[in-house]
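Student: I'm new to this one. Can you walk me through the side chains?
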Amino acid sequence: QLFNGLIVWFITPGGEPDGRLSGLFDYANIAGAWLALIWPISLAALLEQNLPFNKRCITLCFSVAVVVALILTDSRNAWGGLALSIPFVLGPASWFWLLPLLSLILMPIAFSVLPWFGLDIQIWSRNFVPKALWSRLSDIGYVEQRSLSSTRINQWGVAFSLLFERPWFGWGAAAFSVLYPLRTGQWHGHAHNLP
């Protein structure tokens, strides 16, 4: 703590939760969101054409540090922000080659995670995608540690069913934290669906 608790830097061993990098924010997803916000700015600085060599080296080191820290947060939203911001920073002139390249890179990950591709395609694509990545994106690695009702996919499923039950007027403010336990037996304060 600095300045009588004005600035608190959390140094929990391994980060919160589950050994993820959390740093100043004491929660990995919040740290990942801030790093995903900084990433496009650092990428744009790295792409600055009139940057002297010594400043480019410093900018490169900073950008690499941001990406490494972002990956270590193990935040799926932050990973999405990392990939989605690249086309916007590089601009529409690069989209004709960048979007197909990103799609080609992300396609095996989508095949290994999304259930509508079928089990055979999922198993085949998981041979190419690291297990740490596809298990994190599909919640498979976390179902062993906690029940299915606490996974993100299940939270979204319940949120969608609630939305379809009352599409016009909804359920009211903060109703998810009341309705979710009634449907699943697990408590969650929100549906983890900010976007």
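This is a predicted model: local features need pLDDT of at least 70, side-chain atom pairs count only at pLDDT 80 or more; totals for chains, interfaces and linings use all residues.

Student: Rings to begin with. How many aromatic pairs are there?
Tutor: The count comes to 3 aromatic pairs. One of them joins F88 and W95.

Student: How are the rings of F88 and W95 arranged?
Tutor: Edge-to-face. Their centres are 6.3 Å apart, and the planes make an angle of 85°. That angle counts as edge-to-face because it is over 60 degrees.

Student: Is F88 buried or exposed?
Tutor: F88 is exposed, at 66% relative accessible area. W95 is partly exposed, with a value of 32%.

Student: What about F160 and F164, stacked or edge-to-face?
Tutor: F160 and F164 are stacked. Stacked is the word because the angle is under 30 degrees.

Student: Where do F160 and F164 sit?
Tutor: Both lie in helix α8, which covers residues 152-165. They are 4 residues apart, or about one turn of the helix.

Student: And F164, buried or exposed?
Tutor: Exposed: F164 has 62% relative accessibility.

Student: New topic. Which residue lies over the face of W171?
Tutor: R166 does. It is 4.0 Å from the ring centre of W171.

Student: Now S85. Which helix is S85 in?
Tutor: S85 belongs to helix α3, residues 76-90.

Student: Buried or exposed, that S85?
Tutor: Buried, with 10% relative accessibility. S85 gets that label because the cut-off for buried is under 20%.

Student: What does S85 touch?
Tutor: Leaving out residues up to four places away in sequence, S85 touches W39 and P40.

Student: Let's do charges. How many salt bridges does the structure hold?
Tutor: The structure holds 1 salt bridge. R183 and E165 form it, and their closest N and O atoms are 2.8 Å apart.

Student: Why does that pair tie together separate parts?
Tutor: R183 is in helix α9, residues 176-184, while E165 is in helix α8, so the pair links parts 18 residues apart in sequence.

Student: How exposed are R183 and E165?
Tutor: R183 is partly exposed, with a relative accessible area of 39%. E165 is partly exposed too, at 43% relative accessibility.

Key: Residues are numbered from 1 along each chain as its sequence is written. Side-chain values use heavy atoms; hydrogens and water are left out. Rings of Phe, Tyr and Trp (its six-membered ring) pair if their centres lie within 6.5 Å; planes under 30 degrees apart count as stacked, over 60 as edge-to-face and the rest as tilted. Buried means under 20% relative accessible area, exposed over 50%, partly exposed in between (1.4 Å probe, protein chains only). Helices (H or I, at least four residues) and strands (E, at least two) are DSSP runs, numbered from the N terminus. A charge sits over a ring if NZ of Lys or CZ of Arg is within 6 Å of the ring centre and within 35 degrees of the ring normal. Contact means heavy atoms within 4.5 Å. A salt bridge is a side-chain nitrogen of Lys or Arg within 4 Å of a carboxyl oxygen of Asp or Glu.
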